[in-house]
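I opened this notebook to keep track of what I looked up, beginning with the pocket and then turning to the strands around it.

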Amino acid sequence: FDAITTALSVSEATQGVYDVTLGAVIELWGFGKQAIPSHTPTIQEISQARSKVGWQYISIDRQNKQLQRQKDVFVNLSSIGEGVAVDELQKILAKYHVKSYMLSVAGTLRTQGVKPNGQAWQIAIEKPDASGLPERLLNLGQQGAIVSTSGSYRNYHEIDGIRYSHSIDPRTAHPISHKTVSTTVVFRNKSAAYADAWATALNVLGADEGLAIAKKNDIAVYFKVSYISY
């Protein structure tokens with residue numbers, strides 16, 4: 001319930017550019033359960049998959065913590081799952097009164113306090129070329145922060161010699177094709193799930209569209225566009 005309501009809040013803020021009901025389209029492009037694409041989807045296949053998309057068709061009953069699909073939409077939470085995992089791990093550490101830590105699940109992490117040597121946490125944004133080298137260092141301080149990165153440089157498929165990103169734009173039902181290769185957001189006093197969803201949303205938008213949305217929502221963001229940083 002918390003994961004989906006968090007996702008829907010980002011869907012509303014982005015007018016559906018982020019959408020957890022994109023499952024049928026994700027499957028179609030080979031990034032779901034059967035992660036083996038066989039061909040480029042046809043117009044008819046895409047149209048059929050899009051009929052099962054629409055975040056606005058999930059109604060929320062906050063009093064009873066219930067959700068209801070008002071249409072046969074296909075929910076896929078992979079774009080927020082890393083953040084949910086970090087939030088759940090953080091609850092466990094809080095239960096045992098752990099004051100300093102760095103939690104990381106794939107592209108989403110949370111820091112609190114200091115490192116064992118007393119220094120503040122420094123987190124590197126990785127170069128989006130699979131080299132593992134740092135692109136930029138973030139000094140997060142002792143009060144803690146959440147950092148989430150979404151990118152298209154690792155998870156992709158090649159079909160007929162063309163590379164397709166796993167990040168799919170609900171507006172077109174096609175993988176993104178702009179030049180933004182990674183997007184990192186930094187939050188304080190928010191959930192990691194919220195950060196994870198926003199990293200995905202802004203990466204789908206790309207730097208040209210996403211920067212204005214990030215400013216409107218007061219989000220600290222770092223875009224890597226080919227060889228240009230924003």
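For the first entry I needed a definition: a pocket is an open set of grid points with protein on both sides within 12 Å along at least five of seven lines, and its volume is the space filled by probe spheres set on those points. I note here that the model is predicted.

Entry on the pocket. I looked up the largest pocket and found a volume of about 960 Å³. Its lining comprises 38 residues, and I wrote down Glu82, Thr149, Ser150, Gly151 and His166 as those that lie nearest its centre. When I sorted the lining by residue type, I found 19 nonpolar, 14 polar and five charged residues.

Entry on strand E4. Is E4, residues 108-112, largely enclosed or open? Four of its five residues are buried, so I recorded the strand as largely enclosed by the rest of the structure, where buried means under 20% relative accessible area.

Entry on the partners of E4. I found that strand E3 (residues 101-105) pairs with E4 in the antiparallel sense over five bridges, and that tyrosine 101 has glutamine 112 of E4 as its bridge partner. The two strands form a hairpin with two residues between them, and in that turn alanine 106 has a positive phi of about 55°. I also looked up strand E7 (residues 145-151), which pairs with E4 in the antiparallel sense over four bridges; here the bridge partner of threonine 108 is serine 148 in E7.

Technical notes
Residues are numbered from 1 along each chain as its sequence is written. This is a predicted model: local features need pLDDT of at least 70, side-chain atom pairs count only at pLDDT 80 or more; totals for chains, interfaces and linings use all residues. Side-chain values use heavy atoms; hydrogens and water are left out. Buried means under 20% relative accessible area, exposed over 50%, partly exposed in between (1.4 Å probe, protein chains only). Two strands pair if DSSP finds at least two bridges between them. On a 1 Å grid over the protein atoms alone, a cavity is a set of points where a 1.4 Å probe fits but cannot get out, and a pocket is an open set with protein on both sides within 12 Å along at least five of seven lines; lining residues have an atom within 4 Å of a point. Ala, Val, Leu, Ile, Met, Phe, Trp, Tyr, Cys and Pro count as nonpolar, Asp, Glu, Lys and Arg as charged, and the others, Gly among them, as polar.
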